[in-house]
Amino acid sequence: MARVVATWVVLAVALAFPLASPESYYLSFASRIFVYALAATSLNLALGYGGMISFGHAAFVGTGAYVSSIFLAEGVASAWIGWPAAVAAAALAALAIGAVSLRTRGVYFIMITLAFAQMMFFLVNSMKAYGGDEGLSLPARVTGLAGDVAFYYVALAALASAVYGLHRLARSRFGRVIQAIRENEARAEAIGFPVYRYKLACFVIAGAAGGLAGVLLASHGKYVNPNVLHWTQSGTLMVMVIVGGVGRLWGGTVGAAALLGLEDLVGSHRAEWIASLFPNYQQHASLAVGAVLLAIVLFAPQGIAGAFARRRRA
Amino acid sequence: MSWVLILEQTLNGLQFGLMLFLLAAGLTLVFGIMDMINLAHGSLYMLGAFISAALVQATGSFVAGVVLAVPATAALGMLLEMSVLRRLYERDHLSQVLATFALILILNEAVRIVWGPDLPLSMPAALSGPVELLPGMFYPAYRLLIIGVGAAVALLLYVLVAHTRVGMLVRAGASNREMALAMGVDVRRLFTLLFGVGAGLCAVAGALLGPLLAVQVGMGENILILAFVVIVIGGIGSIRGALVGAVVVGLVDTTGRAFLPLLFGHFFQPRVASAAGPAIASVLAYLLMVAVLYFRPQGLFPARG
Amino acid sequence: MLELNGVTKRFGGVTATDGVALDVRRGEVHALIGPNGAGKTTLIAQIAGDLICDSGSIAFEGAEITRSPQHQRVRAGLARSYQITSIFKRLSVLDNLALAVQARSGSSFSFWRPVATETALAEEARAIAAEIGLSGREATIAATLAHGEQRALEVGLALATRPKLVLLDEPTAGMGPEESLGMVGLIERIRARVAVLLVEHDMDAVFRLADRVSVLVSGRVIATGAPEAIRSHAEVRKAYLGESAAA
């Protein structure tokens, strides 16, 4: 009960936020958090709930980002056309990649998802028509989203829908099966579930949601470049999910907020006591992120191992 | 498309492949024996390149720089193993992935702090010219050196693994780890040693490729994926597989990038060819890996029976 | 009901299953015994679909299932339990059983409606829990169950799929005499509606329950027949019973 109340309070605050603080910087920053939270939540579905350690999730985010941007670049200014197309493209990519990758397991699955993501990275990198390795800058957002406030609400709506959708999904028949598969895949098959089909469906849903995040990401900055598909981006999303809580409803959101918040904090608020030792410390925030992540993995294993109670050799 | 060009690109592919082998060899052993995914392997390659560049600057001698960088990087590798990596052997693959990913972040920034985003490293003047391999066919001397060093190291590794006690322990560990442990192999020391060797090999590759590919932060990430592709194709735990896989990937990647766009140009419109050619060429190695995973998932030369 | 012919499986140089011919009749309890390493679990795995045999044929209810995926065999009514307990440790007993019920009652590609609203699933799960002797333990998390209870749940999961034939792989493994009796009682209760292929080391259970016994040695069936006939079969005594009788 307390959790429901807390959720409504947070939602109310989020809704009221732009009215209280219409300052562009914070609005934009909050929107960015929502978008990454959506991306991380979509990965959480595949990784945390489905147990699929996909290192190629950035491919779907990137597909959404690029397809929607290409529509804009070609003059289609309406989101009603470009955005569903982009999400559908991401879902299709997830279907194709998942269909092949899910035939493997364990480390081979990790490798093959990573390889596919790299393939997409290189493919996009060589698309000279759409910026190649320099990326694609867009003159404007889709119709109606020019204002930061409008974008903020759209991003918030997308995140809220995704989290609510995940909430319902987790308690649905599908959710039960997926979590059972994560828990004990062999037995799930042995009681009559065609495991491959369920994993693929979960993978596609996660990919589609990731695609939506990509759409918003590109729209937010009016810019997209191949780095959004690089495997290290998948890594970043994974870090968000791990920090926030694998397999937990708010894992993606908390993780994204924590990581981006930390990054911002370090970057814009100079702590003199650190600066006296390391004058340039603010430029090396990712070292701190790395150290924190390493510490979590090494010393707070319950956080990760707890959610992954399956046997070691998957 | 002259045969000179073909020969040249083939040699380039062989050269790249041999360097990939140096990375893949260490990686496949760590993975095969310790069952550990080490994403930070590429960072050791980067460290090797940076240390080499720094030493070359300090000593003024290319050879000194490269030769000294190898034990230095090996030592760092062993230090890394003893402090962090050995805690990950018993953990699940996801934890290993995350922890070594964290190491990539840390090491990238650490290098940036110590040396900045990049360092210049140029090939020794004596080797910067071409060598006439065949009448009318010239090939860069430096690249020949790389091929030579790569082949020599491959031979050395073969001798080590096939004809020494340590090598036998390594092979035993790769084919059946539990058995090797049960037979009382001093696992801890073996692992640390293995890591050091792997790091040393990375350093050789990093130092030699530095003048060709630019010594910069993040150089490890790009080549790391290819190294994983190599070991998947070759078979996890197998040095022979790593060699074959690396040479195949090196050739496919290099010749593909060189010739596929030309080939496409023969069959397709120039606009399509210039877009599709390079795009597909760059993913050929990955497509190869996917094919291997599909048809022969244990790789070409699986170490485990 | 179940018919195996010439089923063979090799792992590298080892022939784990060597041309096995076996059949299970409707309504019977057919025990499969043999010394350790004979390949009983491997054979069960091939019948259930965890492994695909290299050659030979397996037919269930007249239909060829040799290469069918496991989930299809379960849907057709052929389920198994595992020698090494393989349950959903973090779920409750009820949730474990409800999952198996869910698997055979309609599509699970339903993403919105909470499972909790489907009372029929829970009711049936409760019934199965009662049958396997876990009444009152429905809410317990599987990981915290006692060993004997876990083994009961192990069998319960297979039964919850409403099989026509169930493959029980050493259901009494690790159980003390009292718990074993409980398991024997369970098999007695279900034999009216489910045929059973029972792999067991517990000879008391075998001779109490079995209509027929097959003996597997080094991957081959060396004898099949009524329990008494097997007990006095020369080859069997030599290969198996002889050793334990001497011990």
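In the predicted model, C:Phe60 has C:Ala63, a residue of strand 5 of chain C, as its bridge partner. Strand 5 of chain C and strand 4 (residues 55-60) of chain C are paired over two bridges in the antiparallel sense. Both strands belong to an open sheet of four strands, which follow the order 2-1-4-5 in chain C with antiparallel pairing. Strand 2 (14-24) and strand 5 (63-64) of chain C form the edges, each pairing on one side only. Helix 1 (residues 40-48) of chain C packs on this sheet and touches strand 1 (2-11), strand 2 and strand 4 of chain C. The direction of helix 1 makes about 60° with that of strand 2 of chain C.

In chain B, helix 10 (residues 239-267) and helix 11 (residues 270-295) pack with their axes 8 Å apart and at an angle of about 160°. Helix 10 of chain B is therefore roughly antiparallel to helix 11 of chain B, and the crossing between them is right-handed. Residues of helix 10 of chain B in this contact include B:Val249, B:Arg257 and B:Phe264, while those of helix 11 of chain B include B:Pro270, B:Ile280 and B:Leu288. The contact comprises 14 nonpolar, five polar and two charged residues.

Between chains A and B, 37 residues of chain A are in contact with 33 residues of chain B. On the chain A side, two or more residues each come from helix 5 (106-125), helix 10 (231-244) and helix 13 (285-299) of chain A. Helix 5 of chain A provides the largest share, twelve residues. By residue class, the side of chain A that touches chain B divides into 26 nonpolar, nine polar and two charged residues.

Notes
Residues numbered from 1 in each chain as written. Chains lettered and ligands numbered in written order. Predicted model: local features only at pLDDT ≥ 70, side-chain atom pairs only at ≥ 80, totals over all residues. Contact = placed C-beta atoms within 7 Å. Nonpolar A, V, L, I, M, F, W, Y, C, P; charged D, E, K, R; others polar. Axes fitted to C-alpha atoms, helices over the stretch in contact; angles between N-to-C directions. Parallel < 35°, antiparallel > 145°, perpendicular 65-115°, else oblique. Left-handed = near helix turned anticlockwise from the far one by under 90°. Pairing = 2+ DSSP bridges.
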